Amino acid sequence: MLCLSIIGLPFAFGYCWRYLEQIRARGDFSLPSWSEPAELLLPGLKALAVFIVWFCLPWGIALAVQAFLAFIFGPLGFLAMIACAVVLWGVCGLFVSALWAFQRNDSDWRILIDLPLIWKPFARNWRRLVVSGLAFLGLVGLFFPLLPFAFFGGFLPLLGYTSQVFILTQEAS
């Protein structure tokens, strides 16, 4: 319910932060408890900032380009929707990669503009993330009228799976 309002977004993102922190610290993929919701606020604001930079900005640009192409090319503009779906999949992976790097570097804000640091884990693992990304997109598309629930409900498994892929490839290299 928290993700339905602007006020609740930091708490919902704080939960994602706590989940990723739990995965990184203990390798525990069970969902964390909602205990101490006040402790979710500050990490949630940090995760929300990462979300805005690495998800909302690229996704907003992709939607603007799609709208422009739909306006120019009319019925053929639906092809831009396919490109937008690919961009959505990519920005989800980049957001997880940015959140991963941000947490790993003790919330150093300079990390958010270090494109090679954020791009490298995603670029190295994009093939492993295709199926989970398509599942996430399908879930969000299927339950679009319930978008906040669909997004966070689909994003938690995506976060867990992507984290596991990052951990395994980090250990292998």
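Me: Which helix holds S97, and is S97 buried or exposed?
Reply: Happy to start there, with the reminder that this is a predicted model. S97 lies in helix 3.

Me: Which residues does S97 touch, not counting residues up to four places away in sequence?
Reply: With residues up to four places away in sequence left out, S97 touches I118, P121, F122 and F166.

Me: What does F136 touch beyond four places in sequence, and what is its relative accessible area?
Reply: Leaving out residues up to four places away, F136 touches C92, F151, G154, F155 and L158. F136 is buried, because its relative accessible area, under the 20% cut-off, is 4%.

Me: How many aromatic pairs are there, and what kind of pair do F55 and F151 form?
Reply: A search of the whole structure finds 19 aromatic pairs. For F55 and F151, the ring centres are 5.7 Å apart and the planes are at 70 degrees. Planes over 60 degrees apart count as edge-to-face, so the F55 and F151 pair is edge-to-face.

Me: How many residues apart in sequence are the parts that the F55 and F151 pair ties together?
Reply: Both F55 and F151 are buried. F55 lies in helix 2, whereas F151 lies in helix 6. The pair therefore ties together parts whose separation in sequence is 96 residues.

Me: What are the centre-to-centre distance and the plane angle for F136 and F151?
Reply: F136 and F151 also form an aromatic pair, and this pair is edge-to-face. F136 lies in helix 5 and F151 in helix 6, so the pair ties together parts that are 15 residues apart in sequence. F151 counts as buried because its relative accessibility is 13%. For the pair, the values are 5.5 Å and 70 degrees.

Me: Which residues form one aromatic cluster with F136 and F151?
Reply: F151 pairs with F55, and F151 pairs with F136 as well. The cluster that holds F136 and F151 also includes F13, F51, F55, F95, F152 and F155.

Me: What is the volume of the largest pocket, and which helix gives the most to its lining?
Reply: The lining has 23 residues, with W59, L88, V140, L147 and F151 nearest the pocket's centre. Helix 1, helix 2, helix 3, helix 5 and helix 6 each supply at least two residues of that lining. The volume is about 540 Å³, and the helix that gives the most, with seven residues, is helix 2.

Me: Where does Q66 lie, and which residues is it in contact with beyond four places in sequence?
Reply: Q66 lies in helix 2. At 17% relative accessibility, Q66 falls under the 20% cut-off, so Q66 counts as buried. Leaving aside neighbours within four places in sequence, its contacts are A80, M81 and C84.

Me: Where are D106 and S107, and what is the phi of each?
Reply: D106 sits in the loop between helix 3 and helix 4, and S107 is found in that loop between helix 3 and helix 4 too. D106 is exposed, with a relative accessible area of 69%, whereas S107 counts as buried at 15%. Neither is a glycine, yet each has a positive phi: for D106 about 50 degrees, and for S107 about 55 degrees.

Notes:
Residues are numbered from 1 along each chain as its sequence is written. This is a predicted model: local features need pLDDT of at least 70, side-chain atom pairs count only at pLDDT 80 or more; totals for chains, interfaces and linings use all residues. Side-chain values use heavy atoms; hydrogens and water are left out. Contact means heavy atoms within 4.5 Å. Rings of Phe, Tyr and Trp (its six-membered ring) pair if their centres lie within 6.5 Å; planes under 30 degrees apart count as stacked, over 60 as edge-to-face and the rest as tilted. Buried means under 20% relative accessible area, exposed over 50%, partly exposed in between (1.4 Å probe, protein chains only). On a 1 Å grid over the protein atoms alone, a cavity is a set of points where a 1.4 Å probe fits but cannot get out, and a pocket is an open set with protein on both sides within 12 Å along at least five of seven lines; lining residues have an atom within 4 Å of a point. Grid points are joined across faces, edges and corners, and a volume is the space filled by probe spheres set on the points.
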